[in-house]
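Q: I would like a close look at a single part of this model. Please treat the answer as one connected account.

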Amino acid sequence: MSDTKSNENQFDLEHQYQLYLKRVGLKECNMSPVQKTETKRAFIGACGQILLLLRDDLAVLEEEQAFQTFENLINQAGEFFLKETGQAN
(Lines give C-alpha, C1' and ligand atoms only; values in the text may rest on other atoms or scores of the structure.)
Protein backbone atom coordinates (compact mmCIF):
# COMPACT_ATOMS: atom_id res chain seq x y z
CA MET A 1 0.00 0.00 0.00
CA SER A 2 1.44 3.36 -0.98
CA ASP A 3 1.68 6.31 1.38
CA THR A 4 -0.91 8.16 -0.71
CA LYS A 5 -3.41 5.32 -0.41
CA SER A 6 -2.70 5.05 3.33
CA ASN A 7 -3.27 8.80 3.78
CA GLU A 8 -6.50 8.59 1.80
CA ASN A 9 -7.76 5.88 4.18
CA GLN A 10 -6.97 8.03 7.21
CA PHE A 11 -9.38 10.65 5.87
CA ASP A 12 -12.14 8.19 4.99
CA LEU A 13 -14.99 8.10 7.51
CA GLU A 14 -15.72 4.42 6.87
CA HIS A 15 -12.10 3.63 7.71
CA GLN A 16 -12.34 5.74 10.86
CA TYR A 17 -15.59 3.98 11.78
CA GLN A 18 -13.89 0.61 11.51
CA LEU A 19 -11.03 1.86 13.71
CA TYR A 20 -13.59 3.07 16.24
CA LEU A 21 -15.30 -0.32 16.32
CA LYS A 22 -11.96 -1.98 17.03
CA ARG A 23 -11.13 0.58 19.73
CA VAL A 24 -14.39 -0.07 21.58
CA GLY A 25 -14.35 -3.82 21.00
CA LEU A 26 -17.35 -4.11 18.70
CA LYS A 27 -17.68 -6.28 15.61
CA GLU A 28 -20.41 -5.59 13.09
CA CYS A 29 -20.94 -9.31 12.58
CA ASN A 30 -21.97 -9.60 16.26
CA MET A 31 -24.29 -6.59 16.22
CA SER A 32 -28.03 -6.67 15.62
CA PRO A 33 -29.14 -4.81 12.48
CA VAL A 34 -30.59 -1.99 14.61
CA GLN A 35 -27.42 -1.69 16.72
CA LYS A 36 -25.28 -1.67 13.59
CA THR A 37 -27.38 1.05 11.95
CA GLU A 38 -27.67 3.24 15.05
CA THR A 39 -24.00 2.89 15.99
CA LYS A 40 -22.93 3.99 12.54
CA ARG A 41 -25.45 6.86 12.48
CA ALA A 42 -24.21 8.08 15.86
CA PHE A 43 -20.57 7.81 14.76
CA ILE A 44 -21.06 9.64 11.45
CA GLY A 45 -23.29 12.24 13.13
CA ALA A 46 -20.63 12.90 15.77
CA CYS A 47 -17.96 13.15 13.07
CA GLY A 48 -20.05 15.68 11.18
CA GLN A 49 -20.63 17.75 14.30
CA ILE A 50 -16.95 17.79 15.26
CA LEU A 51 -15.93 18.65 11.70
CA LEU A 52 -18.30 21.63 11.72
CA LEU A 53 -16.93 22.66 15.13
CA LEU A 54 -13.38 22.52 13.81
CA ARG A 55 -14.22 24.39 10.61
CA ASP A 56 -16.52 27.06 12.01
CA ASP A 57 -15.38 27.64 15.57
CA LEU A 58 -11.89 26.33 16.21
CA ALA A 59 -10.48 27.73 12.97
CA VAL A 60 -11.23 31.32 13.97
CA LEU A 61 -9.28 31.15 17.24
CA GLU A 62 -5.70 32.29 17.64
CA GLU A 63 -3.25 29.39 17.21
CA GLU A 64 -2.41 28.90 20.90
CA GLN A 65 -6.03 29.18 22.00
CA ALA A 66 -7.07 26.78 19.22
CA PHE A 67 -4.45 24.27 20.32
CA GLN A 68 -5.52 24.50 23.98
CA THR A 69 -9.19 24.17 23.01
CA PHE A 70 -8.41 21.15 20.85
CA GLU A 71 -6.49 19.51 23.70
CA ASN A 72 -9.40 20.25 26.03
CA LEU A 73 -11.82 18.53 23.64
CA ILE A 74 -9.57 15.47 23.48
CA ASN A 75 -9.34 15.40 27.27
CA GLN A 76 -13.13 15.64 27.61
CA ALA A 77 -13.58 12.64 25.31
CA GLY A 78 -10.96 10.66 27.21
CA GLU A 79 -12.49 11.51 30.57
CA PHE A 80 -15.93 10.44 29.35
CA PHE A 81 -14.70 6.99 28.38
CA LEU A 82 -12.69 6.62 31.58
CA LYS A 83 -15.85 7.33 33.57
CA GLU A 84 -17.81 4.90 31.38
CA THR A 85 -15.36 2.12 32.13
CA GLY A 86 -15.09 3.02 35.83
CA GLN A 87 -11.44 4.01 35.53
CA ALA A 88 -11.86 7.70 36.34
CA ASN A 89 -10.35 9.14 39.52
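Q: Is Ile50 buried, partly exposed or exposed, and what is its relative accessible area?

A: In this predicted model, Ile50 is partly exposed, because its relative accessible area of 37% falls between the 20% limit for buried residues and the 50% limit for exposed ones. The residue is placed in helix α3.

Ile50 takes part in a nonpolar surface patch of about 300 Å², together with Leu13, Ile44 and Leu51. Helix α3 provides the largest share of this nonpolar patch, namely three residues.

Ile50 also belongs to the lining of the largest pocket, where it is among the residues that lie nearest the centre, along with Phe43, Ala46, Cys47 and Ala77. The lining comprises 24 residues, and the volume of this pocket is about 1000 Å³. At least two lining residues come from each of the helices α2 (13-24), α3 (33-56) and α4 (63-84). By residue class, the lining consists of 17 nonpolar, five polar and two charged residues.

A further point concerns helix α2, in which Glu14 lies. With a relative accessible area of 33%, Glu14 is likewise partly exposed. Between Glu14 and Ala42 there are 13 Å in space, C-alpha to C-alpha, and the two are 28 residues apart in sequence.

Key:
Residues are numbered from 1 along each chain as its sequence is written. This is a predicted model: local features need pLDDT of at least 70, side-chain atom pairs count only at pLDDT 80 or more; totals for chains, interfaces and linings use all residues. Side-chain values use heavy atoms; hydrogens and water are left out. On a 1 Å grid over the protein atoms alone, a cavity is a set of points where a 1.4 Å probe fits but cannot get out, and a pocket is an open set with protein on both sides within 12 Å along at least five of seven lines; lining residues have an atom within 4 Å of a point. Grid points are joined across faces, edges and corners, and a volume is the space filled by probe spheres set on the points. Helices (H or I, at least four residues) and strands (E, at least two) are DSSP runs, numbered from the N terminus. Ala, Val, Leu, Ile, Met, Phe, Trp, Tyr, Cys and Pro count as nonpolar, Asp, Glu, Lys and Arg as charged, and the others, Gly among them, as polar. Patches are made of residues with over 30% relative accessible area and no salt bridge: like charges are joined within 9 Å, nonpolar side chains (Val, Leu, Ile, Met, Phe, Trp, Tyr) within 5 Å. Accessible areas come from the Shrake-Rupley method with a 1.4 Å probe; for residues, only the protein chains shown count as cover. A salt bridge is a side-chain nitrogen of Lys or Arg within 4 Å of a carboxyl oxygen of Asp or Glu. Buried means under 20% relative accessible area, exposed over 50%, partly exposed in between (1.4 Å probe, protein chains only).
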